[in-house]
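Let's take a friendly walk through this chain, from its overall layout to a few of its side chains. Please have the sequence and the model open beside you.

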Amino acid sequence: MFNYNEWLMKSIYNSYDTRELIERIDLLDENSKTLEGNLTAEMLYRQMLIELDIAFGKQDIKVSGLKKTLSKLFRNQFIKNALTQESHDYYYRKHPKELNIFELKLELIQKINRLGNQGKHAIMKMHHPFWGKMTYTDWDKFVWNYLDNHLKQFGV
């Protein structure tokens with residue numbers, strides 16, 4: 001049966017939709033901060049690169065037992081609701097290699113392009129250390145909502 005809402009949803013697996021994300025990311029510079037001033041563009045790039053590296057099977061993170069249990073209980077609500085809280089509040093993040101802000105931005109754009117070009121085939125890990133078992137649809141919603149939510153916080 002045709003689902004109109006799914007048809008309207010943006011997708012990280014669609015190169016047209018990922019182009020929109022990249023255009024919004026291009027509007028950010030080294031001085032960009034969220035409207036509340038809590039997050040810088042560099043922090044966003046670093047956080048998103050870690051999430052994408054998890055999906056690509058290149059990064060792992062440590063999660064405490066209690067937080068892992070809570071994440072399993074509320075996983076669908078968090079992913080569905082665009083992760084309104086910073087996920088770094090929930091688990092320890094390792095930082096990707098030290099790059100300057102321009103290199104981080106370029107790497108993020110390349111990885112978003114990878115998703116748009118390769119689609120589901122870009123996802124190499126179906127288990128997130130915090131969220132648990134993920135489907136391709138979960139990864140799609142999670143990555144799209146996470147980035148879209150933060151870009152809106154930057155006013156782009």
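## About the model

This is a predicted model, in which local features need pLDDT of at least 70 and side-chain atom pairs count only at pLDDT 80 or more, while totals for chains, interfaces and linings use all residues. Residues are numbered from 1 along each chain as its sequence is written, and side-chain values use heavy atoms, with hydrogens and water left out.

## The chain as a whole

The chain holds 6 helices and 2 strands; helices (H or I, at least four residues) and strands (E, at least two) are DSSP runs, numbered from the N terminus. Read from the N terminus, the order of elements is α-α-α-α-α-β-β-α.

Of the 156 residues in the chain, 49% are buried, where buried means under 20% relative accessible area, exposed over 50%, and partly exposed in between (1.4 Å probe, protein chains only). The accessible surface is about 8900 Å², with 52% of it belonging to carbon and sulfur atoms; these areas come from the Shrake-Rupley method with a 1.4 Å probe, and for residues only the protein chains shown count as cover. Contact means heavy atoms within 4.5 Å. Among contacts between residues at least 6 apart in sequence, 78% join residues at least 24 apart.

## The nonpolar core

The largest nonpolar core has 37 residues, and Leu115 and Trp139 are those with the most contacts inside it. Such a core is a set of buried Ala, Val, Leu, Ile, Met, Phe, Trp, Tyr and Cys residues joined through side-chain atoms within 4.5 Å. Two or more residues come from each of α2 (15-26), α3 (41-55), α5 (101-118) and α6 (136-153), and α3 gives the most, with 9 residues.

Which residues does Leu115 contact, leaving aside neighbours within four places in sequence? They are Ile12, Tyr13, Leu52, Phe56, Ala122, Ile123 and Val143.

A search of the whole structure finds 2 aromatic pairs. Rings of Phe, Tyr and Trp (its six-membered ring) pair if their centres lie within 6.5 Å; planes under 30 degrees apart count as stacked, over 60 as edge-to-face and the rest as tilted. Trp139 and Phe142 are edge-to-face, at 6.1 Å centre to centre with 70 degrees between the planes. Phe142 and Tyr146 form a tilted pair, at 5.7 Å and 45 degrees.

Trp139 and Phe142 lie 3 residues apart in helix α6, about one turn of the helix, and Phe142 and Tyr146 lie 4 residues apart in helix α6, also about one turn. Together, Trp139, Phe142 and Tyr146 form one aromatic cluster. Phe142 counts as buried because its relative accessibility is 0%, and Tyr146 counts as buried because its value is 1%.

## Charged and polar side chains

The charged end of Arg114 sits over the ring of Phe56, 3.8 Å from the ring centre. A charge sits over a ring if NZ of Lys or CZ of Arg is within 6 Å of the ring centre and within 35 degrees of the ring normal.

Asp53, in helix α3, is buried, with a relative accessible area of 8%. The side chain of Asp53 makes a polar contact with the side chain of Lys111 (2.4 Å). A polar contact is a pair of N or O atoms within 3.5 Å; within protein, one must be able to donate a hydrogen and the other to accept it, and residues adjacent in sequence count only if both atoms are side-chain atoms.

## Leu151

Leu151 lies in helix α6 and is buried, with a relative accessible area of 0%. Not counting residues up to four places away in sequence, Leu151 touches Leu21, Arg24, Ile25, Leu28, Leu44 and Val156. Leu151 and Leu44 are 107 residues apart along the chain, with their C-alpha atoms separated by 8.9 Å.
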